[in-house]
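Take a look at the structure below.

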Amino acid sequence: MMGHFDYLAPKTLAEALGALQDRGSGAAVLAGGTDLLVQLKQRKRDLSCLISVGSLPELKGIRKTPDGMLSVGAATPLGEIVSAAGLSREAACLAEAARKVGSSQVRNLATLGGNLCNAAPSADTAPVLLVMEAGARIAGPGKERVVPLEHFFTGPGATVLQPGEILVAVEIPQAPAGFAASYIKHSVRRAMDIAFVGVAALMVPGADGAGAARVRIGLGAVSPTPMRARKAEAALEGQPFSVELAARAGEIAATECSPITDLRASAEYRREMVAVLTRRALVAAWESAQGGAAR
Amino acid sequence: MPDFSVVGRGVTRLDARAKARGETRYLGDMSLPGMLHGKILRSPHPHARIVGIDCRRALSLAGVKAVVTGRDLPPHKYGYLVQDELILARDLVRFAGEEVAAVAAVDEDTAQEALDLIRVEYEVLPAVFEMEDAMAEGAPRIHDVERNIASRVVINRGDVERGFQEAHLVMEDRFTTQSVHQGYLDPVSCITRWEDDGSLTIHGVTQAPFIQREVMAASIGLAPEQIRVIQPAAGGGFGGKLDQKVWVIAAVLARAAGKPVRLILSYEEELTAGRPRVPLVIDLKMGFARDGLIKAKDTGILADNGAYCSYGPGVISVASHRSDSLYRYPAVRCDAKLVYTNKTPTGAYRGFGNPQVHFAVESLIDRAAVELGIDPAEIRLRNAVQKGEVTIHGWVLKSCALDECIKQAMDASAWKEKRSRLGPGRGLGMACMVHVSSNRASYRPFDGASALVKLEGDGGAVLTCGEVDFGQGNFTAYAQMISEELGIRPDQVKVLPPDTSISTFGLGSSGSREIFIGGGAVRLAARDARRQLLNEASVLLGSSPDELEIEGGIVFPRGNREAGRSIAEVAREAVYRGRGLGILGRGTFDPGSELPDAGKYGNISGCYTFACHVAEVEVDPETGAVKVVDYVAAHDLGRAINPAGAEGQIEGGVAQGIGFTLSEELVSREGRILNHGLLDYRIPTPPDLPRIRPILVEEDDPVGPYGAKGLGEPPQNPVPAAIANAVYDAVGVQFRDLPMVPERVAAGLAGRSPKGRPGKGAA
Ligand SMILES: Cc1cc2nc3c(=O)[nH]c(=O)nc-3n(C[C@H](O)[C@H](O)[C@H](O)COP(=O)(O)OP(=O)(O)OC[C@H]3O[C@@H](n4cnc5c(N)ncnc54)[C@H](O)[C@@H]3O)c2cc1C
């Protein structure tokens, strides 16, 4: 019940980019298909050609570059990301969020690139990548560029990707020593559910140990795109950390976001949850950073 | 309790291996030569007049073999209890999702494409979605009945007014329950084929092949016997497969196309146009003496029927009085109304009205206990009915282990140590339940079952009957019964799914009747086969039947096993000596239930079952998330034929109950279901479930086979109240509206109702 389309499985990135250009607007990239095939079956999209990126070596795998960056191929299944948690602390943070997507069956198919390019405001890997200030490596006809993830999303289901472009990898810079991050997903079910609200927090303790030198807060499902809560971050940076302060930051984050009311939750409830869960995510990150410092 | 060799022992289900290996062939795996694929066009409007339908473009699409609309069909009505539906709408549609036309084509894609080419012109009519609005003066009439009231049940027994006057405490509140889908994995489906002689063959899963055939026959102008229903392997039903108009649509498509037609609903169709649970609004008032004894109860029920009746009238009948046989009520009154609205028709779902009402009653009792300063377990023990009693509605309790269930659930859950003594946000809650095991009122002529057990030349046995295993495992229990009686292994028994042209008549799987009634017949058929076997063997062995014994597949004179003959040999001989007929045991069983009178007085079932559940929860006071962390479910089931199967029934029922309580809800706006996918219709997944600890409380029932009673529906009944009471214990707020999703709980804890979400409000 998906209509008819051509299916192409190029062997190299160059071949894929060529095909994408040739086929024009009726073509789309197919990764795990866990969003795209559902949209086709529900007839939300009408496509004449699917170009699989599943076998492009350039888009596969997780590796550390010599400069300490973690590069995750866009076509890497989330399940593989979960298994690679031991690679680095950055990898562990991404794995924590990836683990919360769908179910193991879904994670075996679903890719990181698909999660980001589908650009759902609730995409579970987005908030944690935002707080780690990841970049999106994008290949287009004849050129590559890197876009900070914060500028990658332009609206629900929309990204900076131009026709003919493919997301190649997500690049996570090495985080400052002593950092810790957390991700809290709030949904009705503990698996196979979409977040009402997702909150990621990253903290880098300051030299005095009393407060955070750097704080990053990422929010999901509460604005047209996954977003950073910069005012809340600013309220914490350089201040002695306390639960009260984290709660205040939560209140600020709640005013920064712009949630909507839909089938899953009301805007009011989402806003309240941003306050609560931001506080909890901050406390969790802080405590984990303290634990890390003690080791 | 007497001991048995196979009955009462955990046995691997006959179908377990194939199911675990993915080898079971469900309807979706089957096809017939030349078979076409059917699809249904549904109304987008909740209430509209059909001005015209133009099928020409659809008919001219390559691959389309038939298009059928309501105007192509004779105007026979369809319906189980009330015939208020057409096979396909003619002039009016009454809910968004109603069947308007159907297409048969060479494949599903073509059929789907053809649906898009059918032009239907509608004139939209004013619609009503709330029951109060539907009953209001001047409301649009959905059917030709006063105030859109489809059915009404009034119960009045004892002096309710005096009871309230004498009461020390009177509690009153409104409880609401939502519409939930049965959630089976295997959607409603069938393959229909017209035979050369004009009869109709249907392959499809139904819980009641013989009843389904009667209803279908009336709606397409056939005699029931002209329809042959053959059951394939079934992937669940839970009440949802007691009413399948889809089969009739597939039949008319097959007739129009002159080819077999397969029709399988999508899950979107299941969720928008299935037959989900009837939502109730329950106004409950109860009076209690100072010592907690119940003095009187008064209930007002509004039941949202949706656009057609299906099983609605039966559901409100159950809702009106079934829970009254749990305690010693001196006086009860109930006024239950079933109201038509322009929404998806509702129907039968595990418990049939009972889970909804138990939620209300068991919640209010808990609050009364707290008000009176009595332990909630104690107030239940004080009111509990006992074996040997006749309840307020004339139900005769030949067995009853309610007390024992309460005590065992208390012990297992550490009730005394934990209730009201857990840390902040944690609590323990209890709820009890009563249920029937068969329902004399559901099919008036008869409340029994029959079975045939044929002995095979290899020493095995074949069972045929009109009963259904839609996944519960009762066929394995039947095999155990036959194995017990005949001295063969359970895996030597083959249980054939019903085929209405071959099986003896049966009512099928509803009303928790399959072990108690179906099993009753199977046991007697097996005994008859044993009697015949001994007779045959006595001729071969030259000794009288009562000197013979059977063990390990051998029939032998007592004390002389060497002289014995194998069952296989005796059965083979019997075939020749009987000129082919062989050993064919017959059994029929009727539990002696009686049809209640117009006021619902009468011993409606052959036995009654009881249970006590205790839930332990953790409530997140900020997010409103409720997590069930432990769950004990003690069930009075007479005797477990297959304890592993009984535990599975309890675990499954509790899991479904947790979904009903915490996450599942068909949300509609203006009559249209918004969450028509399984992502937003949230059936719990394994991480959402606690450890469920079943307790089998076994006290033989004098009527049931081997003392067994029914366990199909009961495990879901107490769940919502057990959880709501645990939340009450944890946070001091009692939630009266299901489901208790986080947003609603958070709002309730903050002392306000949630805003802005579609669907109903109020914490
Ligand atoms: C049952 C179920 C549960 C789910 N649960 C969750 C959940 O809990 N959390 C969550 O966030 N999501 C969830 N999802 C959504 C989905 O699984 C994820 O978004 C997933 O990561 C998408 O990846 P994919 O590889 O399947 O993408 P696809 O479906 O293949 O593609 C998605 C979109 O991205 C585009 N695309 C993919 N890769 C590239 C690329 N390299 N370059 C350019 N464009 C590209 C495609 O063209 C398409 O538009 C769930 C989905 C299902 C079916």
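An oxygen atom of the ligand sits 2.6 Å from an N or O atom in the side chain of T111(A). That distance, like every other value here, comes from a predicted model. At V29(A), a polar backbone atom lies 2.5 Å from a ligand oxygen. At D124(A), the side chain takes part: one of its N or O atoms is 2.7 Å from a nitrogen atom of the ligand. How much of the ligand does the protein bury? On its own, the ligand exposes 970 Å², and the protein buries 90% of that.

Now widen the view to the whole shell. There are 31 residues around the ligand. Those that come nearest are V29(A), G32(A), T34(A), D35(A) and T111(A). Three elements of chain A each supply at least two residues of the shell: β2 (27-30), α6 (112-118) and β10 (166-172). Which of them gives the largest share? The answer is α6(A), with four residues. By type, the shell divides into 17 nonpolar, eight polar and six charged residues.

Next, turn to the place where the two chains touch. On the side of chain B, 33 residues are in contact with 26 residues of chain A. The size of an interface is often given as the accessible area lost when the parts come together. Here chain B and chain A bury about 2500 Å² between them. Carbon and sulfur atoms account for 52% of this area. Three residues stand out on the side of chain B: E622(B), R682(B) and E743(B). They supply 23% of the area that chain B buries against chain A, more than any other three residues.

What kinds of pairs cross this interface? The count is 12 residue pairs in polar contact between chain B and chain A.

Seven salt bridges are found between chain B and chain A. One of the residues named above for its buried area, E622(B), forms a salt bridge with R280(A). Their closest N and O atoms are 2.8 Å apart. Over all chains, the structure holds 73 salt bridges. Another pair is R190(A) and D688(B), with the closest N and O atoms 3.5 Å apart. Why does this pair join two chains? R190(A) lies in the loop between β11 (180-186) and β12 (197-205) of chain A, while D688(B) lies in the loop between β27 (672-673) and β28 (691-697) of chain B, so the bridge links one chain to the other.

Finally, follow the backbone of chain B. Most residues other than glycine have a negative phi, and most peptide bonds are trans. A414(B) is not a glycine, yet its phi is positive, about 55°. This residue is found in the loop between α12 (402-413) and α13 (415-418) of chain B. S438(B) is not a glycine either, and has a positive phi of about 110°. Look for S438(B) in the loop between β16 (426-436) and β17 (449-455) of chain B. The last stop is a cis peptide bond, which joins L738(B) and P739(B) with an omega of about -5°. P739(B) lies in the loop between α18 (719-731) and α19 of chain B.

Terms used. Residues are numbered from 1 along each chain as its sequence is written. Chains are lettered from A and ligands numbered from 1 in the order in which they are written. This is a predicted model: local features need pLDDT of at least 70, side-chain atom pairs count only at pLDDT 80 or more; totals for chains, interfaces and linings use all residues. Side-chain values use heavy atoms; hydrogens and water are left out. Contact means heavy atoms within 4.5 Å. Buried area is the accessible area (1.4 Å probe) that two parts lose on being put together, summed over both. A salt bridge is a side-chain nitrogen of Lys or Arg within 4 Å of a carboxyl oxygen of Asp or Glu. A polar contact is a pair of N or O atoms within 3.5 Å; within protein, one must be able to donate a hydrogen and the other to accept it, and residues adjacent in sequence count only if both atoms are side-chain atoms. A residue is near a molecule or strand if one of its heavy atoms lies within 4 Å of it. Accessible areas come from the Shrake-Rupley method with a 1.4 Å probe; for residues, only the protein chains shown count as cover. Ala, Val, Leu, Ile, Met, Phe, Trp, Tyr, Cys and Pro count as nonpolar, Asp, Glu, Lys and Arg as charged, and the others, Gly among them, as polar.
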